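Visitor: I am new to this structure and would like a close look at a single part of it. Please take me through the place where the two chains meet.

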Amino acid sequence: MRPFTYVLPTSLEQAAEAATQPDTIVKAAGIDIVDRMKERLVTPQKVVNLLPLKRELSQIAEQNGEVTIGAMVTLTQLQEAKQLQGRAYDGLRRAASTTGTPQVQNRATVAGNLLQFTRCWYVRSEAFRCLHGGRGPTCLAMTGDNRYHAVMGWSDCVRVHPSNLAPALLALGAEYTTRAGEAVRRRKLADLFPADPRAQNPEHTLEDGEIVTALHLPAQPADTRLGYAESREKQSFDWATTACAVRVVMAGGKITAADLVLGAVGPVPMAKPQAAQLLVGKEPSEKLFLRVAEAAFAGATPLAFNAYKLPIGKAVVRAALEEATR
Amino acid sequence: MSHPPDRGVSRRSFLKGSAIAGIATTGLTAAAEAAELHRPPSELGPGEHEITLSINGKARLVKVETRTTLLDALRDRLDLTGAKKICDRGACGGCTVLVDDLPVNSCLMLAVDAVGCELRTVEGLADPADPKATHPLVQNFVACDALQCGFCTPGMVMSSLSCLERRGTPTEAQMRHDLSGNLCRCGTYGRVMEAIERTAKGEGGGR
């Protein structure tokens, strides 16, 4: 790790101001950033540490059904929060509980999970010069070992978005608040991810010096359920190979509203509104779930070594649906 | 136990160290906070600074750079070599220590970030001068032969300790969950869970 100056703000104002300085990055727990600094993938002169603001940024509050989650709530706190115990949040807690290891969950923050850098082994290795971030001329995974890479939504870079929480939060219709200088903005969570996830675009749309301060989950209708399932190679300290979060609202044995988001299959979390629409007005059934799973992966374009993600991903969609409608 | 070489405390570095401790533990009063808004934030580094870490109930002064991980500070600066540096990427759990009673990877935590936290390492579970004071969990690790090569053991012990403290009498599923961040290539998990169970039942261990 290269030496750096550590900035210790005592207020969000100070942090936001310090974050705009050149060659500066913002760090919360540092699970991802310390790792990248060790690899010398990032070598900032200054690191703005958000940990002194932990108390301010790690509150969970519920008002009129809307749950606000501080950006620095840890994945362990997220699983234990009393505001997030209902069935509408089952999938969110499960997604948090499958992330990393208990040791990682005790420190990793919600915003840090959403903003983590891709896990592509070409991008994440200093030894390789790939197109991501303009380090080289081509995407090395496109023609290289791409077993963990994208099967949809890619153009010139086949990285996948690694966040477990993102599909669950998106399915719940989450929004996020940021602070940049004096400006406070609140937007749909989908806006945090680039609409055109090319190699030159970062994993997120934050501007330099913009800090995520909170996430907001809108009030959910009665009998809302969130299912989450994923496939992975190891049961601990691994990232998903495919993931699916599905939100359904049940009434009279029928599904009256649905959202479906896939994770780990594209450069950003992939919302599948057309697949979700198939569920609306129907009674849950194995046949219906098969159709939804097919629709979720319709038009997928796998690479040389990751076509396995299609059948497994479809099974994961069905598992998430079964969990949500059980 | 040997002691790290004398470091010498300058007034300046001491004050800086206590400034971080203040921020992390007590926060600021409203008036001080308002004044703080118009002041640039304090900065540390990139050179060495003296900080105070609370380890196993004792305040320890240690000189670190901002980039020094908690693991490196413990092992290289404080001669607490129980926590092991294996993957150095948070994947193996060999460096597990308890930070405010929760197990974390000390290789992924900067030493400076541990100021104001209560740290517990495997060294806190035994006293070489008083073998009878050895924690029953450690005695049960020995009694159950819960290790082979022993390299993962300090981390495994700390995760087991946290499991016991938080859950009292953990179920098998809870033990499996709590140990899932500690890799043991010798495959001693079964024996480790036995040691946890025995400790939960109040069995003191001993050969």
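Guide: What follows describes the interface, then the residues and salt bridges around it.

This is a predicted model, in which local features need pLDDT of at least 70 and side-chain atom pairs count only at pLDDT 80 or more, while totals for chains, interfaces and linings use all residues. Residues are numbered from 1 along each chain as its sequence is written, chains are lettered from A and ligands numbered from 1 in the order in which they are written, and side-chain values use heavy atoms, with hydrogens and water left out.

Chain B first. Its secondary structure comes to seven helices and six strands, where helices (H or I, at least four residues) and strands (E, at least two) are DSSP runs, numbered from the N terminus. From the N terminus on, these elements follow the order α-α-β-β-β-α-β-β-β-α-α-α-α. Chain B has 207 residues, and 43% of them count as buried; buried means under 20% relative accessible area, exposed means over 50%, and partly exposed lies in between (1.4 Å probe, protein chains only).

Now the interface. On the chain B side, 41 residues are in contact with 36 residues of chain A, contact meaning heavy atoms within 4.5 Å. The two chains bury about 3,200 Å² between them, and 58% of that is on carbon and sulfur atoms. Buried area is the accessible area (1.4 Å probe) that two parts lose on being put together, summed over both. Of the area that chain B buries against chain A, 20% comes from B:R67, B:R89 and B:L108, more than from any other three residues.

Polar contacts also cross the interface: 18 residue pairs are joined in this way, both residues being at pLDDT 80 or more. A polar contact is a pair of N or O atoms within 3.5 Å; within protein, one must be able to donate a hydrogen and the other to accept it, and residues adjacent in sequence count only if both atoms are side-chain atoms. Several elements of chain B, namely α1 (11–25), α2 (30–37), β1 (42–44), β5 (102–105) and α6 (172–178), each supply at least two residues of the side that touches chain A. The most comes from β5(B), with four residues. By residue class, this side of chain B divides into 17 nonpolar, 15 polar and nine charged. Here Ala, Val, Leu, Ile, Met, Phe, Trp, Tyr, Cys and Pro count as nonpolar, Asp, Glu, Lys and Arg as charged, and the others, Gly among them, as polar.

Strand β1 (residues 5–8) of chain A and β1(B) run antiparallel and are joined by three bridges; two strands pair if DSSP finds at least two bridges between them. In β1(B), B:L44 is the bridge partner of A:Y6.

B:T66 touches both of these residues, A:Y6 and B:L44, and among its other contacts are A:F4, B:G45 and B:V112. B:T66 sits in the loop between β3 (58–64) and α3 (70–77) of chain B. With a relative accessible area of 1%, B:T66 is buried. A polar atom of its side chain lies 2.6 Å from the backbone oxygen of A:F4.

On the chain A side, A:S236 lies in the loop between β9 (224–231) and β10 (242–251). A:S236 counts as buried, at 17% relative accessibility. Its side chain reaches the backbone oxygen of B:S180 at 2.3 Å. Not counting residues up to four places away in sequence, A:S236 touches A:G100, A:T101, B:S180 and B:G181.

Salt bridges remain. The rule finds five across the interface, a salt bridge being a side-chain nitrogen of Lys or Arg within 4 Å of a carboxyl oxygen of Asp or Glu. B:R89 forms a salt bridge with A:E39, with the closest N and O atoms 3.0 Å apart. Over all chains, the whole structure has 37 salt bridges.

Within chain B, B:R191 forms a salt bridge with B:D145, their closest N and O atoms being 3.8 Å apart. B:R191 lies in helix α7 (residues 189–200) and B:D145 in the loop between α4 (136–143) and α5 (153–167), so the pair ties together parts that are 46 residues apart in sequence. B:R191 is partly exposed at 40% relative accessibility, and B:D145 is partly exposed with a relative accessible area of 45%. Elsewhere, salt bridges that share partners join residues of both chains into one network, including A:E39, A:R124, B:D72 and B:R89.
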